[in-house]
Amino acid sequence: MDSKALFRFSLFVSGEGLLAKKAIFNCKKYLDLFLQSNYDMEIIDVLQYPKLAIDENIIVLPVLIRRNPLPELSIVGDMSNLELFKSDLLMN
Amino acid sequence: MELEIASKQNKKSKYLSSTIEKTKTGICGFDEITFGGLPKNRPTLIVGGIGTGKTFMSMHFLLNGVNLFEENGVFMTFEEKTTELVSNFSNFNVDIDELVKNKKLYFEHLHIAQYEMHESGKYNIDGLFVRIEHAMNTINAKRIVLDSLDTLFTNLDINMLRNEFKKLFFWLKEKNITAVITAEQGDIYLTRLGLEENVADCVIELTNRVINQISTRRLRIMKYRGSFHANNEYPFIIDNEGMNVFPIATNLIEYNISNQRVSSGIKNLDAMLDNKGFFVGSSVLISGSAGTGKTSLAAFFAKSNCENNKKCLFCAFEESSKQIIRNMKSIGIDLEKYVTSNNLIFYYARPTLQNLELHFMRIKALIEIEKPDVIILDPVTNLMTEGPNSDVRGMLTRFIDYLKTQKISVMFTAAITLKSVTINPSDEGISSMVDTWMMVEDIVTDNKRNRIMYILKSRGMPHSKEVKAFEISNEGIDIYELDKIENHTMLENRNITTVLNGNIT
């Protein structure tokens with residue numbers, strides 16, 4: 001991961017179901033749209049890495065956590081609501 | 001012929017084996033009314049308002065699982081921080097921290113903060129499943145508690161939750177774990193979501209009502225799929241020993257009835273009781289208005305038992321034990337020495353301080369420790385002003401049944417008279433429950449007060465129908481023939497019975 005990127009995200013999904021696929025797809029799409037390549041996103045499947053879910057106190061899925069810039073914030077859902085996604089995301 | 005019998009037996013065993021497997025909770029009384037406990041490896045829902053004991057009951061279920069049945073348990077809470085939970089249960093004789101260290105218990109606090117959540121599109125609670133699975137696997141749990149669902153309700157989308165809970169309940173079933181899930185808003189959310197009907201195999205309702213200023217806890221099994229269960233509401237209490245449910249002993253299979261007798265402590269009274277006295281393990285009621293000598297009669301009963309080296313538990317609800325000892329000294333009974341010899345144990349409690357169930361609970365605990373042969377409740381009517389009449393009746397029935405199974409003779413005194421029975425019909429209730437009922441009364445003849453007594457009933461034995469006079473002096477109790485009293489004018493004023501020549505008709 002390129003730690004010099006301004007925006008860093010962690011996307012937690014569970015398995016490869018519809019919600020997971022949608023979330024991954026939408027995230028990539030919109031982040032590319034707004035941030036071009038100036039971001040890093042890691043995708044974590046909690047079914048494979050349950051401990052990570054516990055560490056982050058994750059109950060609702062899928063969830064995108066913005067690591068950088070601070071403050072950390074999270075958005076839950078399959079990211080299909082663009083407006084909300086945009087406004088929350090670019091919040092500083 | 002043989003074939004017929006064989007097929008009938010087959011049918012019977014098929015029927016019995018269709019009842020589902022159950023997991024004992026270890027909660028006193030609860031396993032009885034459910035005929036074995038909660039459905040094994042299925043989810044049970046406990047619903048009830050705030051403060052009704054849901055968290056307590058589920059915790060008790062878990063702790064018993066570890067201590068009594070070697071089943072490890074997971075407690076997932078959406079509510080309190082786990083440290084608070086542990087301190088709330090610190091009164092238990094269990095070191096919870098030890099159990100956690102030894103991987104028998106696993107606590108987890110799941111925190112969902114609505115205000116932090118930004119939403120975009122659809123989501124579910126898969127993360128919860130992951131957490132639960134991890135917790136279960138960490139300690140190989142056979143029992144799990146989720147406490148409570150309401151926090152989820154208030155924060156998340158209801159329709160999503162509807163599907164998720166169905167999923168959760170089915171998922172839990174597959175995991176071979178007995179789950180207890182608590183929810184507060186049973187009526188509002190769950191019924192609307194149809195959870196009760198569809199997915200919970202067993203639903204238990206807890207209530208905590210305030211009746212006559214006393215808080216009264218009740219438990220009811222609303223549903224238990226695949227099993228017989230008791231249908232009524234049952235009182236229960238929660239104290240530092242845990243939770244205790246009081247079933248009416250419905251599955252009291254025939255307990256052994258004794259033919260043995262125990263003396264009343266007064267020779268002439270025994271004479272009225274077929275010359276032998278009361279049946280061992282029976283119940284006796286001495287009723288009469290205040291100051292008629294009921295406690296004294298009870299004291300003689302206590303004394304006679306103590307003399308024969310039996311144990312007597314004297315439950316005093318009006319006078320303190322010291323008072324009773326002092327008063328009885330004045331009529332020639334030394335109770336003190338029996339207290340010293342541990343034949344006589346006093347239980348003194350002000351009835352107003354706690355509810356009926358708690359009293360009986362404490363007495364029952366004392367009985368289990370001290371194992372008395374006889375027990376005296378003086379007067380039982382003091383307890384009865386504190387609870388609504390039907391509750392009292394139920395409680396008394398349970399209590400008397402319990403004593404019968406323990407073969408403990410019980411003597412109640414009650415401040416009721418035949419007149420008061422018509423005013424307060426519940427008073428009649430006790431008299432119908434006991435085996436022997438005698439009445440003491442004051443009558444005024446000319447300017448002198450005399451005491452009379454008579455036996456209204458005594459099941460299973462021929463008893464005297466005579467009205468006798470009795471007198472208490474510093475030499476004890478004397479019972480003699482009525483016609484020694486002149487001009488018994490008051491004998492005419494009887495509502496229910498008439499006395500003719502000293503006989504009851």
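What follows is a conversation about reading a predicted two-chain model.

Visitor: Before we start, what are the ground rules for this model?

Guide: It is a predicted model, where local features need pLDDT of at least 70, side-chain atom pairs count only at pLDDT 80 or more, and totals for chains, interfaces and linings use all residues. Residues are numbered from 1 along each chain as its sequence is written, while chains are lettered from A and ligands numbered from 1 in the order in which they are written.

Visitor: How many helices and strands are there in chain A?

Guide: Helices (H or I, at least four residues) and strands (E, at least two) are DSSP runs, numbered from the N terminus. Chain A has three helices and four strands, and along the sequence they come as β-α-β-α-β-β-α. The radius of gyration of chain A is 12 Å, close to the 12 Å from the globule rule for 92 residues, so chain A is as compact as a globular protein of that length. That radius is taken over C-alpha atoms, and the rule is 2.2 Å times the number of residues to the power 0.38. The C-alpha trace of chain A spans about 30 × 25 × 20 Å along its principal axes.

Visitor: Which strands form the open sheet, and in what order?

Guide: Start with pairing: two strands pair if DSSP finds at least two bridges between them. Here five strands line up as E2(A)-E1(A)-E3(A)-E4(A)-E6(B), with mixed pairing. E2 (39–45) of chain A and E6 (118–119) of chain B are the edge strands, each pairing on one side only. E1 (residues 7–13) of chain A runs parallel to E2(A), joined to it by seven bridges; Phe7(A) has Tyr39(A) as its bridge partner there. Across the chain boundary, E4(A) and E6(B) pair in the parallel sense over two bridges, and Val76(A) has Glu119(B) as its bridge partner.

Visitor: What lies across those strands, and at what angle to E1(A)?

Guide: For angles, axes are lines fitted to C-alpha atoms, for helices over the stretch in contact, and the values run from 0 to 180 degrees between N-to-C directions. Helix H1 (residues 18–35) of chain A lies across E1, E2 and E3 (63–68) of chain A, at about 170° to E1(A).

Visitor: How many residues of chain A are in contact with chain B?

Guide: Two residues are in contact if their C-beta atoms, placed from the backbone, lie within 7 Å. By that test, 25 residues of chain A are in contact with 18 residues of chain B. Helix H2 (50–55), strand E4 (73–76) and helix H3 (82–89) of chain A each supply at least two residues to the touching side, and E4(A) gives the most, with four. By class, that side has 17 nonpolar, six polar and two charged residues. The classes are Ala, Val, Leu, Ile, Met, Phe, Trp, Tyr, Cys and Pro as nonpolar, Asp, Glu, Lys and Arg as charged, and the others, Gly among them, as polar.

Visitor: And where does Leu47(A) lie?

Guide: Leu47(A) sits in the loop between E2 and H2 of chain A. Leaving out residues up to four places away in sequence, Leu47(A) touches Ser14(A), Gly15(A) and Val130(B). A residue is buried if 20 or more other C-beta atoms, placed from the backbone, lie within 10 Å of its own, exposed if 12 or fewer, and partly exposed in between. Leu47(A) has 16 C-beta neighbours inside 10 Å, so Leu47(A) counts as partly exposed.

Visitor: How many residues of H12(B) are buried?

Guide: 13 of its 14 residues are buried. In chain B, 42% of the 505 residues count as buried.
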